[in-house]
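This report covers a ligand shell, a helix pair and an annotated domain.

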Amino acid sequence: MAFVREREAVLVLEDGELFRGRAVGSHGTVIGEVCFNTAMSGYQEVLTDPSYRGQLVAMTFPQIGNYGVNRFDDQSARVQVAGFVMREISERASSWRATGTLQDYLSGAGVVAADGIDTRRLTLRLRERGVCRGVLSTEGIGIDEAVEMACGWSYGERDFVKEVTCREPYAWEMHPASEDPWRQEESEGLRAEGRRVGGEGRSPLRLAAFDFGVKYATLRLLRRAGFTVRVVPASTKPEEILASGVDAVFLSNGPGDPAALSSLHQTVRALVGRKPIFGICLGHQLLAFALGGRTFKLKFGHRGANHPVADLMTRQVKITSQNHGYAVDPESLPPQVRVREVSLNDGTCEAMVHEELPIFSVQYHPEAAPGPNDGLGWFSIFRKMAESGRPLDAQGGS
Ligand SMILES: NC(=O)CC[C@H](N)C(=O)O
């Protein structure tokens, strides 16, 4: 398909601030929480990460799309962002892995997207005044109309998990990414790690993985760590999980405000003390609520692939992939739950460990899709913890 970008696109923030650009995706008007991501690559993973549901994502890296798209990098079955904003989209896809251009991918998926936007001005605005709602349109919408639309919509109150969770439980077997030659090295490393922790060669442990908006890379890594993975819908009752006799429970990432998901707080609470649990991002936040804690909204969130995190126990620093707009309030946690890792950018909680139960969780994305692999060790730690049934510190942690 020829590259077309003659149409205009506008991004209007809830306070009326206007950004002009060019329409490079589908035609339409979309509404969402406007946020920025600082990753230099990994746009296909960002687009398909269900945690971005309801958000208009602006990439700060000035050129996006230069290695095209391929059949391996999707993280879910569809594009999830409400809209996509770039400084410049690359017309060419320069990679041996590419099967198409980003522009064709966006149009094909029906995503409203714009390039030519002053993403530096936008990011400065979001950093200074915080995330806000906005409207992205290619339909010549008036500013007043867009402001009215944005102000009539609320991100925090919607149950986005309901929109992204699977309808029925399913067994996670294989994914085309396993065949990706580019990932062979990673696969080898993980296989070796799997052997080291007993994840391969021994019979796998049975895992129920709650799908609040799970990513393929996470399921792949759980399987590689030595689990037989059964993915279950967010609405699955805890009694059902307990009756199924699984060895451990995984709580995935997902979209929206964790405080609004009270039925999920109950579900997780009913599993605490009954099964070893590992939570990621939204899963970590829901675990905090289940343990009696709470979260708060960050001014502009952490979204990118180079967020430094310090492990307070080992003093090790990890560079991590992040995507969250809320954080766990450490003051709200009971005394048996310890903050294990903190963000070196703003000091917020990045991981917590239960000292008496086999439970831990991380706020960032250890599956690293996209992003650095520093957090991968948590998957084998989970396998070890699930096998022993003991809390993390009894095993020396990471
Ligand atoms: N990646 C995630 O799971 C995000 C969790 C939650 N929706 C947040 O924004 O904080």
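The model is predicted. By class, the shell around the ligand holds five nonpolar and seven polar residues, and no charged ones. Its members are Ser51, Asn253, Gly254, Pro255, Gly256, Pro258, Cys281, Leu282, Asn323, His324, Gly325 and Tyr326. Strand E16 (residues 317-328) supplies the largest share of this shell, four residues.

Next, the helix pair. Helix H9 spans residues 262-271 and helix H10 spans residues 282-290. Their axes lie 8 Å apart, at an angle of about 75°. Angles of 65 to 115 degrees count as roughly perpendicular, so H9 and H10 are roughly perpendicular to each other. On the H9 side, the contact uses Leu264, His265, Val268 and Arg269. H10 answers with Leu286, Leu287, Phe289 and Ala290. The residues of this contact divide into six nonpolar, one polar and one charged.

The two residue sets compare by class as follows.

| Set | Nonpolar | Polar | Charged |

Now the annotation. An unreviewed UniProt entry places the feature "domain: Carbamoyl-phosphate synthase small subunit N-terminal" at residues 7-137. That span is 18% helix and 32% strand. The C-alpha atoms at its ends lie 11 Å apart.

Gly108 sits in helix H2 (residues 102-108). Is Gly108 buried, exposed or partly exposed? It has 14 other C-beta atoms within 10 Å, so Gly108 is partly exposed. Gly108 and Val214 are 106 residues apart in sequence. In space, C-alpha to C-alpha, Gly108 and Val214 are 23 Å apart.

How values were computed: Residues numbered from 1 in each chain as written. Predicted model: local features only at pLDDT ≥ 70, side-chain atom pairs only at ≥ 80, totals over all residues. Axes fitted to C-alpha atoms, helices over the stretch in contact; angles between N-to-C directions. Helix = DSSP H or I, 4+ residues; strand = E, 2+ residues; numbered from the N terminus. Parallel < 35°, antiparallel > 145°, perpendicular 65-115°, else oblique. Contact = placed C-beta atoms within 7 Å. Nonpolar A, V, L, I, M, F, W, Y, C, P; charged D, E, K, R; others polar. Near = placed C-beta within 6 Å. UniProt positions renumbered as here; feature names shortened; annotations may be inferred. Buried ≥ 20, exposed ≤ 12 C-beta atoms within 10 Å, placed from the backbone.
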